[in-house]
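Visitor: Hi, I have a model open and I'm new to this. Can you walk me through some of it?
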Amino acid sequence: MQYAIKVNNLKKSYNENQVVKGINLQVKKGELFALLGPNGAGKTTTIHMLSTLLKPDGGTVLIGGVDVVKNAKDVRKKISLTGQFAALDEGLSGLQNLMLIAKLHGYSNKQARSIANTLTQSFDLFEARNRMVANYSGGMRRRLDIAASIVTQPDLIFLDEPSTGLDPQSRIQVWEVIRSLLKLGTTVLLTTQYLEEADQLADQIAVINKGTIIAEGTPNELKASVGEKTLSFRLTKPYEHKKICSILADQHALSVFEDDDPLVFKIPVIETRLANDAIHTLLVNEVPLDEFALGEPSLDEVFLALTESKHEEVVR
Ligand SMILES: Nc1ncnc2c1ncn2[C@@H]1O[C@H](COP(=O)(O)OP(=O)(O)OP(=O)(O)O)[C@@H](O)[C@H]1O
Ligand SMILES: [Mg+2]
């Protein structure tokens, strides 16, 4: 099978600092592949190597079977890159930005105007098309950015943190835009720090941390690989955290994780029976339980289990 992207043992160092440590990736045509990782994980460095902007120190990258180092020019014809930091001309309107890009790609003035008009409609920017980009909101810029990346209808699009810094509503609009790219059959590789974004959009997720892929699979496989269910419960009123932790640790050898909400606790459990036992014990001890639920771990919890670096574990 020919992959849209095939990466083998890719490496990059800056001075003594190896920031991409021999990663392997395979992205199928038409799928959305998410590279999920925290700040400094090596996401942008990787995407720059995949899109010919940065030369790898080692390993190979094939885009549609074509080598990014040996045939960079051919690769560039197939791809489009939307960077982490938007590259729009602030002094031009949205429509003018899109027309400029279309003309740079050899379209006539008339064709360019038609393409730009259609794109502003598809990306909910038609009303604002004649306003200067300097006056656009973050969400509008991001949508224009993605619109700009598909002026030439590439087979493969790289999106580096497409929704970072956007409010929830703009983020959802950007997701809609990305879903519409997938419907056209475009392959998308995006990077994100948002577990929810990867969960919402991705067919495949690779979790990258400190230059290494630490897990890979579909959102469901990643959750299953952690091998646990999560019991979440909420209290009716504040209650001593330590007491809950020690009751569950002593009687069931369970760990308790705090949530941002002080009334909410989460407990990873290996089997349903343990969740029953835990609830029973809490009720016997008159812990003021309000509601509880047993579910698949969220990607957040998967990431926690994989990197052991987020959230504070109250009791081990
Ligand atoms: N040009 C450079 N020179 C030296 N070090 C660099 C350079 N670019 C990136 N780095 C370092 O490489 C590491 C990976 O950076 P990279 O930008 O790829 O991370 P990232 O996953 O995209 O992070 P973010 O989520 O913050 O965008 C970081 O430690 C960064 O400081
Ligand atoms: Mg980055």
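Guide: Start with pairing: two strands pair if DSSP finds at least two bridges between them. Strands are DSSP runs of E, at least two residues, numbered from the N terminus; helices are runs of H or I, at least four. This is a predicted model, where local features need pLDDT of at least 70, side-chain atom pairs count only at pLDDT 80 or more, and totals for chains, interfaces and linings use all residues. Residues are numbered from 1 along each chain as its sequence is written.

Visitor: OK, in which sense do β9 and β10 pair?
Guide: Antiparallel, over 5 bridges; β10 covers residues 212–217. A206 has E216 in β10 as its bridge partner.

Visitor: What about the hairpin between β9 and β10?
Guide: There are 2 residues between the strands, and K210 takes a positive phi near 50°.

Visitor: Which way does β3 run against β9?
Guide: β3 (residues 32–36) and β9 run parallel, joined by 4 bridges. The partner of A34 in β9 is I205.

Visitor: Is β9 buried or exposed?
Guide: Buried means under 20% relative accessible area, exposed over 50%, partly exposed in between (1.4 Å probe, protein chains only). In β9 (residues 204–209), 6 of the 6 residues are buried, so the strand is largely enclosed by the rest of the structure.

Visitor: Which side chains point which way?
Guide: Q204, A206 and I208 point one way from β9, while I205, V207 and N209 point the other. In a regular strand the side chains alternate between the two faces of the sheet.

Note on methods
Chains lettered and ligands numbered in written order. Heavy atoms only, no water.
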